[in-house]
Amino acid sequence: MNTEIPYKIYLSEEEMPKTWYNVRADMKNKPAPLLNPATRQPMTAAELAPVFCDELIQQELDDTTAYFEIPKEIRDFYKMYRPSPLVRAYCLEEKLKTPAKIYYKFEGNNTSGSHKLNSAIAQAYYAKKQGLKGVTTETGAGQWGTALSMACAYLGLDCKVYMVKCSYEQKPFRREVMRTYGANVTPSPSETTAVGRKILAEFPGTTGSLGCAISEAVEVATSSEGYRYVLGSVLNQVLLHQSVIGLEAKAALDKYGVKPDIIIGCAGGGSNLGGLISPFMGEKLRGEADYRFIAVEPASCPSFTRGKFAYDFCDTGMICPMSKMYTLGSGFIPAANHAGGLRYHGMSSTLSQLYHDGLMEATSVKQTEVFEAATEFARVEGILPAPESSHAIRVAIDEAIKCRETGEAKTILFGLTGTGYFDMKAYEQFNNGTMTDYIPTDEDLAKGFASIPQQ
């Protein structure tokens with residue numbers, strides 16, 4: 001076994017990024033602007049002000065500034081759990097008998113258990129700086145809600161979380177972590193909002209979706225004085241904050257002269273994938289290097305691989321700005337048997353544009369295959385991975401097996417977004433052999449597509 005490169009590569013605190021990187025600055029084709037759902041004209045900062053924090057709006061709309069300074073207060077908070085380790089998966093390589101070299105960036109070494117804290121603390125910081133009382137948000141599997149509740153507790157902000165109903169019921173411990181940090185957690189859709197009542201009337205007994213929860217959170221934010229809405233994925237500002245993942249990963253690889261051939265990330269709304277690939281994609285866009293990027297999404301919610309590239313509502317209630325993205329339609333609700341997050345009907349407009357321009361590829365994987373990979377990884381690498389991360393693990397293993405078959409010693413990097421210790425119900429189903437795969441039919445997808453506005 002070659003141990004020339006350490007199992008874990010750590011940067012020092014001094015080597016931590018002091019700026020976030022905005023990949024849009026290097027994109028020839030910029031993401032299409034957000035549209036006002038009433039006028040269908042590009043949203044202005046003034047129109048976004050009732051929903052988002054002022055400084056976050058500037059980050060959201062900026063397509064030209066390559067680097068944003070990370071405020072010292074945020075960098076000091078990051079030091080509690082960053083830099084995060086870049087790990088060489090020697091044990092997995094040996095198990096697979098592959099000549100491939102496999103690395104993963106592990107983002108689960110914080111109390112929230114995932115990468116979501118990178119943006120949660122940033123958004124909470126700007127809300128506090130603006131003098132707000134609190135924030136509202138949605139959460140799917142619970143990682144984002146957990147991270148935001150932790151950040152709000154640290155800064156003394158109120159936090160209201162609308163949690164997708166099936167996750168609220170399947171993951172009581174994730175819910176209780178949020179409550180322990182002081183958050184108010186409501187299963188969505190709920191009777192507490194007008195849009196929630198409307199969705200329940202139209203879809204009785206629905207298990208919810210991120211689109212539903214977003215609608216409720218936005219309604220509460222815009223109708224409560226001193227509150228704004230924050231989002232854990234999809235938005236440009238979130239990808240900006242999450243670029244700290246890729247910046248650290250690249251700096252760690254550069255220390256040992258390692259250049260990945262393939263970079264893989266799970267894709268739900270785009271926060272982890274966008275954060276991991278940003279600095280590498282920047283090099284590709286500037287013509288400085290080339291990489292193969294693979295987005296991995298669940299077969300049960302295949303927005304990249306089976307969606308349409310169109311302007312669509314970002315929420316089920318159709319009250320949020322419209323975004324041009326790969327989408328299954330805001331009316332699409334994933335099957336209740338879908339474990340974990342990655343339940344959003346659309347994809348980041350930035351990543352959608354990159355995918356549309358052929359700068360990255362996408363694939364979808366079945367749930368049982370994902371948990372097979374998760375189990376194999378846990379047994380050899382010693383980390384129980386989150387279901388979301390395990391989508392990337394599945395494809396990383398598949399690519400490593402291809403290397404074994406061809407004899408090519410490619411270097412693979414993937415994002416391990418977090419741990420799966422709050423996802424044991426799903427692991428139990430897999431271990432009991434009761435986990436099933438659901439792949440929507442064309443007829444199922446047509447119902448969601450019908451909700452996409454006429455272009």
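Modeller: Two strands pair if DSSP finds at least two bridges between them, and in this predicted model strand β6 (residues 134–139) and strand β7 (residues 158–164) pair in the parallel sense over six bridges.

Colleague: Which residue of β7 does Thr136 stand opposite?

Modeller: Thr136 stands opposite Lys160 in β7.

Colleague: In what order do the four strands of the open sheet run, and which stand at the edges?

Modeller: The order is β8-β7-β6-β9, with parallel pairing. Because β8 (184–188) and β9 (227–229) each have a single partner strand, they stand at the edges, and one side of each is left without a neighbour in the sheet. Direction ignored, neighbouring strands of this sheet are turned by 20 degrees against each other on average. Helix α8 (residues 172–180) packs on the sheet, where α8 touches β6, β7 and β8, and the direction of α8 makes about 170 degrees with that of β7.

Colleague: How should I read the packing of helix α15 on helix α17?

Modeller: Two packed helices are described by the angle between their axes and the distance between the axes. Here α15 (residues 367–381) and α17 (residues 424–432) pack at an angle of about 100 degrees, with their axes 11 Å apart, which means that α15 is roughly perpendicular to α17. On the α15 side the contact is made by Thr368, Phe371, Glu372, Ala374 and Thr375, and on the α17 side by Ala426, Tyr427 and Phe430; by class, the contact has five nonpolar, two polar and one charged residues.

Notes. Residues are numbered from 1 along each chain as its sequence is written. This is a predicted model: local features need pLDDT of at least 70, side-chain atom pairs count only at pLDDT 80 or more; totals for chains, interfaces and linings use all residues. Side-chain values use heavy atoms; hydrogens and water are left out. Axes are lines fitted to C-alpha atoms, for helices over the stretch in contact, and angles run from 0 to 180 degrees between N-to-C directions. Helices (H or I, at least four residues) and strands (E, at least two) are DSSP runs, numbered from the N terminus. Angles under 35 degrees count as roughly parallel, over 145 as roughly antiparallel, 65 to 115 as roughly perpendicular and the rest as oblique. Contact means heavy atoms within 4.5 Å. Ala, Val, Leu, Ile, Met, Phe, Trp, Tyr, Cys and Pro count as nonpolar, Asp, Glu, Lys and Arg as charged, and the others, Gly among them, as polar.
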